[in-house]
Amino acid sequence: MIISNCRRIVGGTGEGKTLVTKQPINFLAMVNAKSGTITDPLHELHDKSLKGSVLILPYAIGSSVGAYAIYSLKEYGNAPSAVVCSKVDITTASGCALAEIPVVDLPDGTPISILKQGLKARVEADARRIVVEFS
Amino acid sequence: MELARDEEKALDGRYDEALASAYRILVAIGEATDAQKLVPVKWAHISGVNYNTIGDGGMRFLEKFSTTAKVAVKTTINPMGYDRSKPEDISPSFQERQENIASSYERMGATASFTCTPYEVFDLPQKGTAVSFAESNAAVFSNSLLGLKTNKESALSALASSVTGKTPLSDLRLEEARNPKISIETDFDFRTELDYGLLGYFAGKSVKDSCVALNSISRLDTIQAKALCAAIGTSGSCGMFTFGGKSKEKILFGKKEAQSVMDELSTADDADIITLGSPQLGMNELGLLAKLTEFKKFTKRCIVFCSRAIYNDAIKIGLASKIEKSGADFRCDSCTCLTPYVTKDKYDAVITNSVKGAYYLSKSNKVKVALKDIKTIAEEYTQ
């Protein structure tokens with residue numbers, strides 16, 4: 001499956017297994033950069049590692065400092081390979097820009113549920129598309 | 001987004017790498033928010049000062065960034081982790097790292113304000129002025145009550161605006177986004193500042209737009225306004241509210257909804273420590289606290305967080321000593337959020353009146369929280 005006409009937010013290409021959530025993420029409060037995992041027991045990705053994933057989320061919420069948490073994930077080698085949002089926010093855009101993690105937005109009206117968990121995917125931000133391979 | 005020639009050059013790294021990374025950040029945000037161009041800002045307020053928020057990764061980044069980056073506009077900064085005059089049992093390694101971060105910001109030319117309420121500490125620019133405020137309570141307060149224009153910036157976008165003097169022209173910087181599409185209705189009378197905090201948390205969580213209308217509120221005192229703005233900024237992406245509006249879609253915030261926010265955030269009935277100040281307390285709140293605790297003593301430890309500037313003013317008029325007589329203990333330059341003064345090892349739970357504080361105490365400090373309004377706290381915990 002190819003999802004084209006995505007919006008390019010941060011350029012580049014990244015690939016990995018899809019890690020999908022319908023719940024927004026508060027990067028400051030819910031993510032441990034050193035372990036690369038989601039630490040909030042109430043979040044559906046609790047204990048899941050972001051490392052090397054294609055992280056698919058609606059958008060980030062909460063503290064403005066979340067941008068540093070994204071940068072720190074990269075510093076510790078635990079960053080996602082690429083990020084896909086349904087509506088990207090300033091925290092995700094700025095954190096990923098500094099960390100040089102490719103980011104795209106899904107085209108308007110495309111639900112997150114179109115992307116399934118654990119599939120191999122490649123985000124080609126400059127070509128404005130996501131290539132998802134069914135296994 | 002279109003860039004001017006000198007902006008393109010800066011982005012390409014022709015001046016220096018720090019400035020190039022600042023422009024990379026602005027361009028990504030510009031793309032994210034469909035901006036056509038960059039516009040000047042007059043004032044940047046940066047978050048990401050407390051070591052507990054940005055960690056070693058952030059510290060190392062700022063150390064490098066600040067060797068060449070310099071502020072291009074007035075720049076103020078958020079609270080850090082601790083009060084240098086009262087280090088208590090905060091580890092030398094925390095203090096060392098915290099000082100490293102503080103000196104990076106000072107090297108850039110930022111004012112060492114260590115406040116999350118710049119709107120109470122500094123002279124305010126004219127209505128309509130473009131600023132870049134990363135502290136979310138300050139962004140919501142400034143957009144909604146002061147007529148300033150800022151997006152709900154990230155720590156990095158405000159940093160980028162500080163060193164470039166620019167921001168993408170988008171979202172709440174344009175009139176269209178400042179007209180709310182959804183309004184929150186209430187069907188019960190608010191009694192305390194805590195009710196406004198619960199409303200704010202509910203509104204931020206329920207509305208994905210940048211601006212929300214709050215019907216059935218027509219005016220706010222400073223204490224209510226700060227509780228509301230901080231809570232809106234905590235739970236979602238909303239950066240502004242209006243008093244009422246012509247929005248078609250309505251969402252009810254009734255007693256049931258208020259209770260459900262309480263159930264989420266208030267996880268204890270009682271605790272061994274009280275923290276007041278997220279946002280840091282201003283003169284109004286200190287005045288109220290002094291009144292509520294006059295001739296009384298706190299029965300539990302109580303920490304009052306405020307900015308150094310407000311504390312110094314409070315000393316001058318004898319307000320600080322009145323509060324200290326009640327046994328409450330000031331901590332300047334720092335705040336409840338991610339404070340190293342409150343750790344899981346020392347405390348199981350904390351009493352606070354701040355919805356924002358409750359959120360971070362629970363999610364980041366991993367302690368339980370008893371949410372109570374300031375009058376109840378004074379009644380229950382002083383004698």
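Biologist: Domain bounds here come from an automatic or database domain assignment; what does that assignment give for chain B?
Modeller: Chain B is split into domain 1 (5-175), domain 2 (179-262) and domain 3 (267-381). This is a predicted model, where local features need pLDDT of at least 70, side-chain atom pairs count only at pLDDT 80 or more, and totals for chains, interfaces and linings use all residues. Residues are numbered from 1 along each chain as its sequence is written, with chains lettered from A and ligands numbered from 1 in the order in which they are written.

Biologist: What is the mean pLDDT of chain B?
Modeller: The mean is 96, and 100% of the residues of chain B reach 70 or more. pLDDT is the predictor's confidence in each residue, from 0 to 100. The model scores ipTM 0.93 and pTM 0.95.

Biologist: How far apart are the centres of domain 2 and domain 3 of chain B?
Modeller: Taken over C-alpha atoms, the two centres are separated by 24 Å. Domain 2 of chain B puts 15 residues into the contact, and domain 3 of chain B puts in 15 residues. Contact means that C-beta atoms, placed from the backbone, lie within 7 Å.

Biologist: Which helices supply the domain 2 side in chain B?
Modeller: α8 (193-206) and α9 (222-235) of chain B each supply at least two residues of the side touching domain 3. The largest share, seven residues, is from α9(B). Helices (H or I, at least four residues) and strands (E, at least two) are DSSP runs, numbered from the N terminus.

Biologist: Other topic. How many residues of chain B are in contact with chain A?
Modeller: 32 residues of chain B, with 32 residues of chain A. On the chain B side, α2 (17-32), α3 (51-68), α7, α9 and α14 (355-363) each give at least two residues.

Biologist: Which of those gives the largest share?
Modeller: α2(B), with seven residues. By class, the chain B side has 10 nonpolar, 16 polar and six charged residues. Ala, Val, Leu, Ile, Met, Phe, Trp, Tyr, Cys and Pro count as nonpolar, Asp, Glu, Lys and Arg as charged, and the others, Gly among them, as polar.

Biologist: And the three-stranded sheet in chain B, what is the strand order?
Modeller: The order is β3-β2-β4 in an open sheet, with parallel pairing. β3 (74-77) and β4 (132-133) of chain B are the edge strands, each pairing on one side only. Pairing requires at least two bridges found by DSSP.

Biologist: What stands opposite Ala44(B)?
Modeller: Ser132(B), in β4(B). β2 (residues 43-46) of chain B pairs with β4(B) in the parallel sense over two bridges.

Terms used: Domain bounds come from an automatic or database domain assignment. Two residues are in contact if their C-beta atoms, placed from the backbone, lie within 7 Å.
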